[in-house]
Amino acid sequence: MTSTANTSTSSRRLPGAAAVALAATAALLAGCSSSSDSKSDNPLSGDKAGNGTVVVGSNNFAESILIADIYGEALKAKGVKVTYKPNIGSRETTYGLLKNGSITVLPEYNGALLAYLDKDAAPKTAAATTAAIEAELDAKLTLLDPAPAQDKDSVTVNAATAKKYNLTEKSTIADLKPVAKDLVIGGSPEFQTRQQGLEGLEKVYGLQFKSFKALDAGGPLTQAALKKNTVQAADVFTTDPTISKEKFVVLQDPENLFGFENVQPLVYKSGLSQKGVDALNAVSAKLDTAALLDLDTQVQLENKDPLDVAKAWLTSVGLG
């Protein structure tokens, strides 16, 4: 993902100094977490867990809190003692807390983490992304298996456009090539000039749109423009609950123009047993983008408690 305007993804997309401001308000946000038990009153306290307790942290956006609850409850199901530090804030803060052992496990997004560690890296596969991260990680940390689930930029069309051109969830961006000349595409102003934007869509997929409409970064302006058919295609983040609510269709990106943003546990090595490693790898094996979108929808649109959603999903996939 290339922007920070979306509430559910903001902090993970702030590798630079702008993210530091989030840390200052993290403690105030702690009361807005899910109802998971054993939550720390102060997520920035830096207190280390004892007696084999695994501390599961999360950044201060809804999806991170949800995934942290999934990780924590999966560990509990295997008999691991867990406590939570939710709503911590920026990567600068969480990375430091992981390095000193105050956090044991944190949901991460591999592409964004790599951009934080090495802004010039451009891996061609998810495995290469993981390898590049491991080469830069602090020696006390490691990544576990990545999930198929990703939350990243996409070319998404509205329901009317999908119906008109017979586009489905199996369709690819390349399928727009014959009709792009008749479509208006929307996105953040930067999307017009980025490789992960119009430039890449033309170079990689040969798309030349009728016009571009500057909106926001996958936020309410983009969503409204798609709903009203002011734009027929737009850059929408792939786990945005609006997709299911409005029956938008996300087009597949087989050339990986938008990179990799797999959900992946980042772990303080000495704080997690092999039993814990196996539990989290089992979660990653089951969590795909469609499932994550459904879970986000339950939390963000249906206002369900993320802990309840996490427990129900784990039970449904045999991990609860």
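**The sheet and its helices**

Ile 185 stands opposite Ala 233 in β8. This is a predicted model: local features need pLDDT of at least 70, side-chain atom pairs count only at pLDDT 80 or more, and totals for chains, interfaces and linings use all residues. Residues are numbered from 1 along each chain as its sequence is written, and side-chain values use heavy atoms, without hydrogens and water.

Strand β6 (residues 184-187) and strand β7 (residues 211-214) run parallel, joined by 4 bridges. Val 184 has Ser 211 in β7 as its bridge partner. From β6 the chain passes through helix α7 (residues 198-205) to β7, a right-handed β-α-β crossover (clockwise from the first strand over the helix to the second, with the strands pointing away from the viewer). Strand β8 (residues 233-235) is also parallel to β6, through 2 bridges.

The open sheet has 5 strands in the order β7-β6-β8-β5-β9, with mixed pairing. Strands pair if DSSP finds at least two bridges between them; helices (H or I, at least four residues) and strands (E, at least two) are DSSP runs, numbered from the N terminus. β7 and β9 (249-250) are the edges: each has a single partner strand, so one side of each lacks a neighbour in the sheet.

Now the helix pair. Helix α11 (residues 289-300) packs with helix α12 (residues 306-316) at about 145 degrees, their axes 9 Å apart (axes are lines fitted to C-alpha atoms, for helices over the stretch in contact; angles run from 0 to 180 degrees between N-to-C directions). Ala 291, Leu 295, Gln 298 and Val 299 in α11 meet Pro 306, Val 309 and Trp 313 in α12 (heavy atoms within 4.5 Å).
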